[in-house]
Amino acid sequence: MDAAPNTAHHVAYTINGVIRMATIEPWVTLLDLLREEFDLTGTKKGCDHGQCGACTVLINGIRINSCLVLAVSRSGSVVTTIEGIGTPDQLHPLQAAFVKHDALQCGYCTPGQICSAIGLISEGIAKTRDEIREGMSGNLCRCGAYIGIVDAIEEVLAAAPDANSLP
Amino acid sequence: MDQEQTVTGKSILRVDGPQKVRGEAKYAAEYNIPDLLHAYVVTASIAKGRILSIDLAAARRFPGVVEVLSHKNRPWFWPVSFLYKDAAGPPGKPFVPLDDDRVYFSGQPVALVIAENYEAARDAAALVKVTYKAEQHTTDLAASTAFKPRKRRIGVAPVPHPTGDADLAFAVAPLKIESTYTTSPENHHPMELFATTVKWGKIVTVYDKTQSPKSVELFLKVAFRLIGRKVRVVSTYVGGAFGLGLRPQQSVFLAVMAAKALERSVRLVLPRDHMFALGYRANAVQTVSLAADEQGRLQAVRHRAVAATSQFEDAQDPMLLFSASLYRCNNIKLTYELAKLDTVSPCDMRAPGAATGMFALESAMDELAYVLDMDPLALRLTNYTERDQSENRPFSSKALRECYALGSERFGWHKRSRAPRSMREDKELIGWGMATGAWEAAMSPAPARAKVMVRSDGKFEVTSSITDIGTGTYTILSQIAADTLETTMDRVVIRLGDSALPFNPIQGGSWTAATSGAAVQSACRKLKSTIRSRAKHTGVLGRGQGAELLSASALIDLLKLQRGRKLSATATMFSFPFGKKFSSATHAAVFAEVRVDEELSVVRVTRIVCAVAAGRILNPNTARSQIIGATVMGIGKALHEDAAYDHNLGRCMAHGFADYHIPTNADVYDIDVVFVDETDAEVSPLGVKGVGEIGVVAVAPAIANAIFHATGERMRHLPITIDRLARAGSR
């Protein structure tokens with residue numbers, strides 16, 4: 001143990017449209033890389049075991065629990081975190097709908113919920129309230145804002161049923 | 001200001017919403033400081049005993065590790081236990097991590113690894129070798145001895161004295177029930193992990209997950225004798241807490257200890273499994289005996305509770321408070337006891353005590369209704385009381401009757417067929433149940449302060465150390481300030497959750513809106529009169545005396561004439577809890593529909609109507625969310641949440657959300673919240689009663705009663721899991 005073997009890897013991603021590089025150990029998760037190395041703390045750690053969904057981000061447009069992704073395994077990917085959703089001047093329709101429907105209280109699960117909802121909409125499977133509820137059940141909310149969350153997603157889905165029409 | 005322009009009482013969107021949906025809101029673990037060290041806790045694998053040896057060598061050699069601390073090499077802190085008392089602590093000796101070689105509970109911190117990065121600290125923690133001398137432990141409430149706590153916990157109402165002769169009345173009454181109800185321990189599990197980031201320096205800035213930055217600041221100053229240093233505790237955003245942040249937590253103690261030992265900045269994030277050993281909702285065994293005459297009038301109420309506590313503290317909560325005051329009865333006997341377990345101390349969890357006690361009382365009322373062959377709602381109305389008989393005084397307001405009326409109407413209760421198993425659709429049995437909820441409505445016994453200042457841009461800055469744990473505090477305090485200052489909310493800038501800001505008590509007891517809100521209102525009123533008198537002196541009175549004087553341009557002019565003097569006001573809100581002529585409580589009526597798969601015993605809570613009387617509602621939008629959220633937590637209490645112990649190991653078998661189930665989106669169907677009108681001039685200056693906890697109280701009994709109605713099975717243990725219901729049905 002005294003002499004640390006050189007196990008570090010060079011990795012690069014396009015995160016929110018910006019190329020980010022780092023040298024990391026192979027056991028570092030994408031979640032910890034985002035939060036600790038890139039200071040993208042909008043992505044939350046709630047369990048570190050893929051049980052709560054607070055760490056949900058989009059990799060190449062697909063929603064994923066970033067705590068279950070070893071960062072080295074997805075080098076080269078396009079990653080979207082909550083910081084890359086909406087613009088400083090204008091909220092993404094889902095962000096606006098979450099505020100409008102009070103789909104949050106403490107706000108800790110919220111970035112994961114929004115990333116997950118974007119992924120859900122682009123999957124194109126969920127059409128009804130029941131399907132939204134089922135498809136969003138990987139994202140826990142202890143404040144219990146589920147009704148507002150479904151209201152918000154339902155509204156955005158009705159206005160833009162095709163995910164490609166979302167910004 | 002006319003009614004149309006005011007914002008208090010209106011559904012205003014959460015002011016911190018945009019920051020939260022953008023991911024800009026920073027929580028305790030999200031302040032990235034240069035040269036930050038990361039800590040990880042090693043926890044005890046036995047429930048009781050002593051540490052014989054602790055081998056730190058392998059962990060120390062691990063690449064990146066800076067230090068490993070245990071009780072043997074930790075820095076000095078006061079060895080006097082009373083110094084670690086906090087505002088929310090029960091009688092006893094508070095637990096202090098790494099104090100000595102004793103192990104009080106499984107999952108107790110026994111060492112702390114500090115490393116250059118998180119992964120190294122975590123991995124090295126696995127290399128710490130601890131040997132123990134285990135002693136006989138007990139974590140089984142049923143197997144331990146009950147006792148009456150010798151010292152009462154400050155702030156918890158005493159158990160009401162007996163009235164009449166409940167034993168005799170019960171013995172002679174014609175119609176009665178007596179049942180025993182049990183509950184599993186529950187954990188709070190806010191989504192944010194308990195975490196602390198300490199920025200070490202001349203000023204020690206502690207970013208902490210807490211419901212009281214002020215009490216954490218005081219605790220740290222005393223514990224670590226930080227002479228010559230200023231301690232500032234910052235909790236701008238708190239990712240939920242539900243009571244687990246009422247007391248200074250193990251995480252903040254350990255993080256500051258490490259920072260002091262190494263004189264470096266340190267972050268400690270507890271993993272989810274460690275959060276099972278921070279505190280829990282006390283499990284309890286309760287026996288309720290109810291007797292009635294033929295008309296359903298209560299003749300006797302007996303309620304005995306034995307609640308879990310730790311070996312080192314006598315945790316207490318108001319489990320029986322409403323058994324004496326909710327229904328009219330002349331013969332009441334209440335017994336509240338504790339039993340010591342080798343666990344961490346229980347910690348207040350949303351409507352502590354009441355949520356568990358009312359499960360027993362309201363289940364028993366439902367059982368009695370069936371003995372009487374009476375509608376459960378009619379039984380409650382028959383025993384309705386306008387006076388608090390336990391204190392022999394009237395309520396400051398009590399619109400529970402209106403809750404029953406409005407709730408039952410929205411639910412369609414009159415269409416219910418009384419017999420169990422009488423409603424079904426396809427493979428599912430349908431059940432309708434109801435229960436009453438009550439919770440204390442009070443101002444904080446500790447004072448609250450607020451400051452409001454005119455900024456150079458003519459906006460008002462409101463500051464208070466109170467936190468917003470998801471409650472909507474930022475929003476309602478902004479509304480109160482805007483209305484009092486006769487302006488719009490966009491001219492109010494609010495800063496909270498920082499111990500450097502004016503003193504506020506812990507955020508708990510559903511008292512924040514009433515207490516901190518009144519302080520903000522008072523500070524704003526003072527500022528207005530300050531502005532008027534200064535305007536008089538400086539001669540800017542040409543603009544009139546009214547709202548014109550408070551316009552941004554007038555205030556900017558006034559500030560210029562002040563030559564650097566600030567325009568600000570601070571107010572303190574005191575509330576005296578003694579000598580009150582009224583009792584005050586919030587009330588709720590909850591109606592629940594369940595659908596139970598007859599073959600598989602899967603329960604779905606398809607509909608809940610919750611009618612709430614909570615005085616003045618400052619913001620129906622955020623208040624409704626509070627009630628919905630508490631209802632969801634009540635569904636968890638009824639059906640899911642079980643911090644199950646292996647009593648042989650004395651260890652909680654749940655480690656995360658995979659085994660400690662909380663409601664998911666798919667578990668939550670239709671929840672209809674309605675606030676009934678209730679005016680209360682006595683309870684608080686704003687007429688506010690508080691909505692943080694009342695929502696959870698009646699949900700679990702309403703669901704349990706609905707399950708009885710659906711299946712004919714009386715489930716007297718929470719949670720009512722699939723296996724328990726299936727087993728009951730197969731008997």
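Reader: How many residues of chain A are in contact with chain B, and what counts as contact?

Author: Two residues are in contact if their C-beta atoms, placed from the backbone, lie within 7 Å. Here 52 residues of chain A are in contact with 49 residues of chain B. This is a predicted model, in which local features need pLDDT of at least 70 and side-chain atom pairs count only at pLDDT 80 or more, while totals for chains, interfaces and linings use all residues. Residues are numbered from 1 along each chain as its sequence is written, and chains are lettered from A and ligands numbered from 1 in the order in which they are written.

Reader: Which elements of chain A give two or more residues to the side that touches chain B?

Author: Helices (H or I, at least four residues) and strands (E, at least two) are DSSP runs, numbered from the N terminus. On the side of chain A that touches chain B, those elements are α1 (30-37), α2, α3, α4 (129-135) and α5 (146-159) of chain A. With five residues, α5(A) gives the most.

Reader: What classes of residue make up that side of chain A?

Author: Ala, Val, Leu, Ile, Met, Phe, Trp, Tyr, Cys and Pro count as nonpolar, Asp, Glu, Lys and Arg as charged, and the others, Gly among them, as polar. By that scheme, the side of chain A that touches chain B has 26 nonpolar, 13 polar and 13 charged residues.

Reader: At what angle do α2 and α3 of chain A pack?

Author: Axes are lines fitted to C-alpha atoms, for helices over the stretch in contact, and angles run from 0 to 180 degrees between N-to-C directions. Helix α2 (residues 93-100) of chain A packs against helix α3 (residues 110-123) of chain A at about 130 degrees, and their axes are 10 Å apart. Angles under 35 degrees count as roughly parallel, over 145 as roughly antiparallel, 65 to 115 as roughly perpendicular and the rest as oblique. The pair α2(A) and α3(A) is therefore oblique.

Reader: Which residues make this contact?

Author: From α2(A) come Leu94(A), Gln95(A) and Phe98(A), and from α3(A) come Thr110(A), Ile114(A), Ala117(A) and Ile118(A). Five of the residues in this contact are nonpolar, two are polar and none is charged.

Reader: What is the strand order in the sheet of chain A?

Author: Two strands pair if DSSP finds at least two bridges between them. The sheet is open, with five strands in the order β2-β1-β5-β3-β4 (chain A) and mixed pairing. Its edge strands, β2 (18-24) and β4 (62-65) of chain A, each pair on one side only. Strand β1 (residues 9-15) of chain A runs antiparallel to β2(A), joined by seven bridges. In one of these, His9(A) has Ile24(A) as its bridge partner in β2(A). Helix α3(A) packs on the sheet, touching β3 (56-59) and β4 of chain A, and its direction makes about 40 degrees with that of β3(A).
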